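I opened the model today and kept notes as I went. The entries follow the order of my look-ups.

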Amino acid sequence: MGRFYFHLRDGSELIRDPEGVDLRDAAEAKRMALLSARELVADAIKAGSPNVPEAFVIADDAGQTLDIIPLATVLPHSLRGKAA
C-alpha cells in the first residue's frame with residue numbers, strides 16, 4: 001500500500017494534489033486516474049466547457065512521477081486528436 005497523488009497538467013501549469021490517496025499499488029492508481037479522467041471529461045461536456053486539463057500526473061510519496069494519463073485517452077477512438 002502507498003500514497004498516490006493525482007496532479008493535473010493544464011498546459012505548462014501543474015495543479016498539485018495536496019492530499020493524495022492511499023491505494024494498493026500503481027496499477028490501482030492508474031485505474032483511479034482513468035475513472036477520474038472520464039468524470040472530468042463528462043462533467044466538462046455536461047457543463048458546456050470547452051477546456052479540460054491535459055493529463056493526470058500520478059506521483060508517489062517521494063514526488064516521483066509514476067505515470068502520465070492524458071485525458072484524451074478516455075475519449076472514443078474516433079474523437080481522439082480531432083480539432084474542434
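Ground rules next. This is a predicted model, where local features need pLDDT of at least 70, side-chain atom pairs count only at pLDDT 80 or more, and totals for chains, interfaces and linings use all residues. Residues are numbered from 1 along each chain as its sequence is written, and side-chain values use heavy atoms, with hydrogens and water left out.

Overall dimensions. I read a C-alpha trace spanning about 40 × 25 × 20 Å along the principal axes. The accessible surface is about 5,700 Å² (Shrake-Rupley, 1.4 Å probe). Carbon and sulfur atoms hold 54% of that surface.

Secondary structure. I noted 1 helix and 5 strands, in the order β-β-β-α-β-β. These are DSSP runs: helices are H or I with at least four residues, strands are E with at least two, numbered from the N terminus.

Contacts. I took a contact as heavy atoms within 4.5 Å. Of the contacts between residues at least 6 apart in sequence, 42% join residues at least 24 apart.

Burial. I get 26% of the 84 residues as buried. Buried is under 20% relative accessible area, exposed is over 50%, and partly exposed lies in between (1.4 Å probe, protein chains only).

Which residues have the most contacts inside the largest nonpolar core? I listed Phe4, Phe6, Ala29, Ala33, Phe56 and Ile58, in a core of 13 residues. Strand 1 (2–10), helix 1 (26–47) and strand 4 (55–59) each supply at least two core residues. Helix 1 gives the largest share, 4 residues. Such a core is a set of buried Ala, Val, Leu, Ile, Met, Phe, Trp, Tyr and Cys residues joined through side-chain atoms within 4.5 Å. In soluble globular proteins, nonpolar side chains tend to be buried together.

I then checked Ala29. Leaving out residues up to four places away in sequence, Ala29 touches Phe4, Phe6, Leu23 and Ile58.

Is Ile15 buried or partly exposed? Ile15 counts as partly exposed, because its relative accessibility is 38%. Ile15 sits in strand 2 (residues 13–15). With residues up to four places away in sequence not counted, Ile15 touches His7, Leu8 and Asp10. From Ile15 to Ala26 I read 20 Å, C-alpha to C-alpha, across 11 residues in sequence.
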